Amino acid sequence: MAILADMPAIAAGARRSFAESLSQGIPGVLQSIEAASRALVGEVAEPQLVMRRRQLVEDLQRSQFDWESQILVLIDRAVAAPGVSLTSLGALASLQSGDARLGLV
């Protein structure tokens, strides 16, 4: 005989599990970004570009804790949210219609 499952509870548990895994990986991602920026400092480039790269490394070191904290807060908020919001549904609909323009910034 099949057992009835509480689908919203299963979905919430899956979101929590995914968020925990994602949260554990954030420090590694930020460390990789910092390591890549340090590697760029060592590459040959114009003096102005080398100076900008050094400033970037310093900025990353200073703001890494803030980035990590903010990302973790956003992950916690996403887990606390009950499913897909109306705003998210509206964004998905506009993407599917082909009207949305995506770009890298």
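Predicted model: local features only at pLDDT ≥ 70, side-chain atom pairs only at ≥ 80, totals over all residues.
Helix H1 has 35 residues and spans 50 Å from its first C-alpha to its last, close to the 51 Å expected at 1.5 Å a residue, where the expected span is 1.5 Å times one less than the number of residues. Ala-12, Ala-19, Ile-26, Leu-30, Glu-34 and Ser-37 are the buried residues of H1, buried meaning under 20% relative accessible area, exposed over 50% and partly exposed in between, with a 1.4 Å probe and protein chains only.

## Overall architecture and confidence

The protein chain contains 3 helices and 0 strands, in the order α-α-α from the N terminus; helices (H or I, at least four residues) and strands (E, at least two) are DSSP runs, numbered from the N terminus. Of the 105 residues in the chain, 11% are buried.

The chain averages a pLDDT (the predictor's confidence in each residue, from 0 to 100) of 77, and 74% of the residues score at least 70. Among the elements, helix H3 (residues 86–97) has the lowest mean pLDDT, 49, while H2 has the highest, 88.

## The cavity

A search of the whole structure finds 1 cavity of 30 Å³ or more, a cavity being a set of points on a 1 Å grid over the protein atoms alone where a 1.4 Å probe fits but cannot get out. The largest cavity has a volume of about 40 Å³, the volume being the space filled by probe spheres set on the points, with grid points joined across faces, edges and corners.

Its lining, made of residues with an atom within 4 Å of a point, consists of Leu-30, Ile-33, Glu-34, Leu-60, Gln-64 and Trp-67, and helix H1 (7–41) and helix H2 (47–80) each supply at least two of the lining residues. These divide into 4 nonpolar, 1 polar and 1 charged, where Ala, Val, Leu, Ile, Met, Phe, Trp, Tyr, Cys and Pro count as nonpolar, Asp, Glu, Lys and Arg as charged, and the others, Gly among them, as polar.

## Ala-80

Ala-80 lies in helix H2 and counts as exposed because its relative accessibility is 64%. The C-alpha atoms of Ala-80 and Arg-15 are separated by 9.1 Å, although the two are 65 residues apart along the chain.

## Basis of the values

Residues are numbered from 1 along each chain as its sequence is written, and side-chain values use heavy atoms, with hydrogens and water left out. Local features need pLDDT of at least 70 and side-chain atom pairs count only at pLDDT 80 or more, whereas totals for chains, interfaces and linings use all residues.

Terms used: 1 Å grid on protein atoms, 1.4 Å probe; cavity = no way out; pocket = protein on both sides within 12 Å on 5 of 7 lines; lining within 4 Å.
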